[in-house]
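Morning, everyone. Let me put the structure up, and then I'll walk you through it.

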There are 2 protein chains.
Amino acid sequence: MENMTAKTVLIVYAHQSAGSFNAAVKNAAVDELKKQGCRVLVSDLYEMKFKATATEDDINGAVKNPKHFRYGNETMLAWQEGRLASDIVDEHNKLKEADLVIFQFPMYWFSVPAIMKGWMDRVLTLGFAYTLEKRYSEGIFRNKKAMLSFTTGSHETMFSSNGINGDMNVTLWPIQVLAPQIFWAPTHLSSEAREGLLKGWCTRLQGLLNEAPLTFPPADIFDEGKGFQLKPEVREKQADSPFGLTVGHHLEKPLPPQSQMKAGV
Amino acid sequence: MENMTAKTVLIVYAHQSAGSFNAAVKNAAVDELKKQGCRVLVSDLYEMKFKATATEDDINGAVKNPKHFRYGNETMLAWQEGRLASDIVDEHNKLKEADLVIFQFPMYWFSVPAIMKGWMDRVLTLGFAYTLEKRYSEGIFRNKKAMLSFTTGSHETMFSSNGINGDMNVTLWPIQVLAPQIFWAPTHLSSEAREGLLKGWCTRLQGLLNEAPLTFPPADIFDEGKGFQLKPEVREKQADSPFGLTVGHHLEKPLPPQSQMKAGV
């Protein structure tokens, strides 16, 4: 069993209020992880007034092509030349050190709040975080882990394949690595019930870095020469399986149940 | 056939550069729609320096619960009392007038850029745009239409259920109404090919408001008394169908092919 001691955990946190349940969940994680000997870094995005939008201001000095500014290419160049905005560099440094990244947020419109989407858009810089060659199982950060921990406004029943919002398993595709920690509609719970959720979260945190990640297909089962399509021999091997490989790689079969929700399914 | 004349179209547009293909697509839409007699409103988010993050600053005057600031509730109250930030009110006014909203953007990390997510988070105010009772087919804006028009960095092959990024049909769940207009990897195309794409887009724009929307289940097939789960009689009726109802409401069956990509499938 891998020891949590001396591991570094980065919590990217997005809630406006220190009195919120999201804050309580974040604080529980900080305390519990420190108790285990982890180093914990927190990026409190609202507190930092984190810039969400991807603009030319993210680059110090002149851009290469002002007539047609392309964010991905320009920031890759700026990263290579040490000309990225300092708030991005700060996050890069935290990310390099982190063994695990936890994204803590209230779900807004079936996704992360804009300020957190801005963290993803700006910090996961082309060249630094991925290249066309280095991604997915070949990714630059393939040895790090990440997970989502979030609250919803809706009850769990509403986010099933039977429920009005549809299957959460589909909603979460393709934004995560470890199984998510979902706090369903905490607003509707008693404070005792919320305390219970926090305890369960602390228990999970004790073994988090040893958890098996969710199932994602390795990059090498796709054929680069053919537009990164699944290799025919892999597809053939899957012929007898009742389910697709993942939610996205469903191969026109039923979705693998819970594959974005639980590891090892 | 519904006439486009005298219809109002709002284009919510997010690209940093007037020299981009996204700008060309937006401009083509403005010109084509005006030619048809439409009134066209454009929210050019980067140009407006649109605030992406959902904060207390979105409310003029005191918030109700400063110890536990809840964005949804506080902005609903502020909307009722006419105390919302003026940039949100401006967008509300455009949205009220619009018969059709087109979101034009380059896809970032399998979703809209943060600045556009910020538009969704801040402008689709609780009370103004939806309530627990008034959403989906019962929604306040149920007679308006919306669509996504976007560019990708990846080729189309990479976004199939066989491709390394997985099925675009799943990625788009649940953020749209009319079928999307997708420009696959325009960076890799010749300018002639890009011109061809713009022409195809203009042709589509001529009939856009008459297009059938994508298939979404009406809200009344879910039972509010049972956590908004699908009514058993509806499920029973679907028993013989080879496919689920939608990507999200898949009923443990294969996904309805292309249901987030093409209307009437």
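I'll take the conventions, then the interface, then each chain in turn.

This is a predicted model: local features need pLDDT of at least 70, side-chain atom pairs count only at pLDDT 80 or more, and totals for chains, interfaces and linings use all residues. Residues are numbered from 1 along each chain as its sequence is written, chains are lettered from A and ligands numbered from 1 in the order in which they are written, and side-chain values use heavy atoms, with hydrogens and water left out.

Interface first. Contact here means heavy atoms within 4.5 Å. On that cut-off, 63 residues of chain B touch 63 residues of chain A. How much area is buried between chain B and chain A? About 5300 Å², with carbon and sulfur atoms giving 58% of it. Buried area is the accessible area, taken with a 1.4 Å probe, that two parts lose on being put together, summed over both. Three residues stand out: Trp109(B), Asn162(B) and Ile164(B) supply 15% of what chain B buries against chain A, more than any other three residues.

Now the polar side. Between chain B and chain A there are 35 residue pairs in polar contact, both residues at pLDDT 80 or more. A polar contact is a pair of N or O atoms within 3.5 Å; within protein, one must be able to donate a hydrogen and the other to accept it, and residues adjacent in sequence count only if both atoms are side-chain atoms. How many salt bridges cross the interface of chain B and chain A? Zero, by the rule. That rule asks for a side-chain nitrogen of Lys or Arg within 4 Å of a carboxyl oxygen of Asp or Glu.

Over all chains, the whole structure has 20 salt bridges. One of them joins the side chains of Asp58(A) and Arg122(A), at 2.9 Å from N to O. Asp58(A) sits in the loop between E2 and helix H2 (71–80) of chain A, Arg122(A) in helix H4 of chain A, and the two are 64 residues apart. Helices (H or I, at least four residues) and strands (E, at least two) are DSSP runs, numbered from the N terminus.

On to the chain A sheet. Five strands form an open sheet in the order E2-E1-E3-E4-E5, paired parallel. Pairing takes at least two DSSP bridges between two strands. Strand E2 (39–44) and strand E5 (181–183) of chain A are at the edges with a single partner strand each, so one side of each has no neighbour in the sheet. Neighbouring strands are turned by 15° against each other on average, direction ignored.

In chain A, E1 (8–13) and E3 (100–106) run parallel and are joined by five bridges. Val9(A) is opposite Leu100(A) in E3(A). Helix H4 (114–123) of chain A lies across E1 and E3, at about 150° to E3(A). Axes are lines fitted to C-alpha atoms, for helices over the stretch in contact, and angles run from 0 to 180 degrees between N-to-C directions. Helix H6 (191–205) of chain A touches E3, E4 and E5, at about 175° to E5(A).

Last, chain B. Its open sheet of five strands also reads E2-E1-E3-E4-E5, with parallel pairing. E4 (145–151) of chain B pairs with E5(B) over three bridges, and Thr151(B) has Phe183(B) as its bridge partner. Helix H3 (86–97) of chain B lies across E1, E2 and E3, at about 150° to E2(B).
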